[in-house]
Amino acid sequence: MSKARRALAMGQNVAVRRHLMYALVEADLTEPRRLLREHRERTGERLSQTAYVVSCVARALAEFPELNAFRRGRSLVFLDEVIIEVLLERRIGDQPAVGYLPVRRADTKSFREVHDEIRAGQAARHETIAGQRWLEMVPLALTPLLMWGMRRSIRWGLRMGVAGVNNLGLGTGTAGWGFAPGAGTLAVTIGGITRRPIWVEGRLADREIADITLTFDHDVIDGAPAARFARRLVELLAEGASLRDTI
């Protein structure tokens, strides 16, 4: 394992030593996936499903600004900009790696703008990961301490935000949730998507349902507002509004 990958593994120990809440939710993606399929059939372009989730998370976060914050000692620091950190698969040399792409002002951007940013980040998968070059220079023993400090850094919060989206890539037809602590206040992990019969307006309907895990930092947010955020996010995901505005 490269030094950078070992350092990231050590950083996970810092991430899990927090007071975390997990919510396992099911989101009806029937309508947005229909719109994505129709766009592909019409143009041949495959649009990013992750970008759609990022757009919805950003809009929900803008509606619940109490989540757009992080703990710094005895204080909470609230950000006035919605930044969604997207985890991207990378390969540095012969080692697998994770890249972190901050989508700034994500709540003000169209789905197409978010899509283009993520595609550009995926295209640069063999480049050195921005913001992680210091991992090669810092002694491994100091990595947990530095990551602990970064999570409380206003400068880092303004750069990377407090919310992240990770797509496990389980694919259609595979059910399952993924648990990820994330580095900030909110982590959204996209699991599998399956077709299931569910009750819709008093009758059974075949729908495309995504398994999504929401991870909250309990030091920042309590259960009731976290539940309200989760409900709103599920509503936004089902509507497909940001897709209709773009494609």
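Ring pairs link Phe64, Phe216 and Phe229 into a cluster, where rings of Phe, Tyr and Trp (its six-membered ring) pair if their centres lie within 6.5 Å. The model you see is predicted, so local features need pLDDT of at least 70 and side-chain atom pairs count only at pLDDT 80 or more, while totals for chains, interfaces and linings use all residues. Residues are numbered from 1 along each chain as its sequence is written, and side-chain values use heavy atoms, with hydrogens and water left out.

**The aromatic cluster**

A pair of aromatic rings is described by the distance of the centres and the angle of the planes. Searching the whole structure turns up two aromatic pairs. Planes under 30 degrees apart count as stacked, over 60 as edge-to-face and the rest as tilted.

| Pair | Centre to centre | Angle between planes | Class |
|---|---|---|---|
| Phe64 and Phe229 | 6.0 Å | 85 degrees | edge-to-face |
| Phe216 and Phe229 | 6.2 Å | 90 degrees | edge-to-face |

What do these pairs tie together? Phe64 sits in the loop between α3 and β2 (69-72) and Phe229 in helix α7 (residues 223-239), so their pair ties together parts that are 165 residues apart in sequence. Phe216 belongs to strand β8 (residues 203-217) and Phe229 to helix α7, so this pair ties together parts that are 13 residues apart in sequence.

Phe64 counts as buried at 13%, Phe216 is buried at 3%, and Phe229 is buried at 0%.

**Helices α3 and α4**

Now to a helix pair. The axes of α3 (residues 49-63) and α4 (residues 111-123) come within 9 Å and cross at roughly 125 degrees; axes are lines fitted to C-alpha atoms over the stretch in contact, with angles from 0 to 180 degrees between N-to-C directions. The two helices are therefore oblique to each other (under 35 degrees is roughly parallel, over 145 roughly antiparallel, 65 to 115 roughly perpendicular, the rest oblique).

On the α3 side, Thr50, Ala51, Tyr52, Val54 and Ser55 meet Phe111, Val114, His115 and Ile118 of α4, contact meaning heavy atoms within 4.5 Å. By class, this contact has six nonpolar, three polar and no charged residues.

**The whole protein**

The protein has eight helices and eight strands, which are DSSP runs (helices H or I, at least four residues; strands E, at least two) numbered from the N terminus. Of its 247 residues, 47% are buried.

Key: Ala, Val, Leu, Ile, Met, Phe, Trp, Tyr, Cys and Pro count as nonpolar, Asp, Glu, Lys and Arg as charged, and the others, Gly among them, as polar. Buried means under 20% relative accessible area, exposed over 50%, partly exposed in between (1.4 Å probe, protein chains only).
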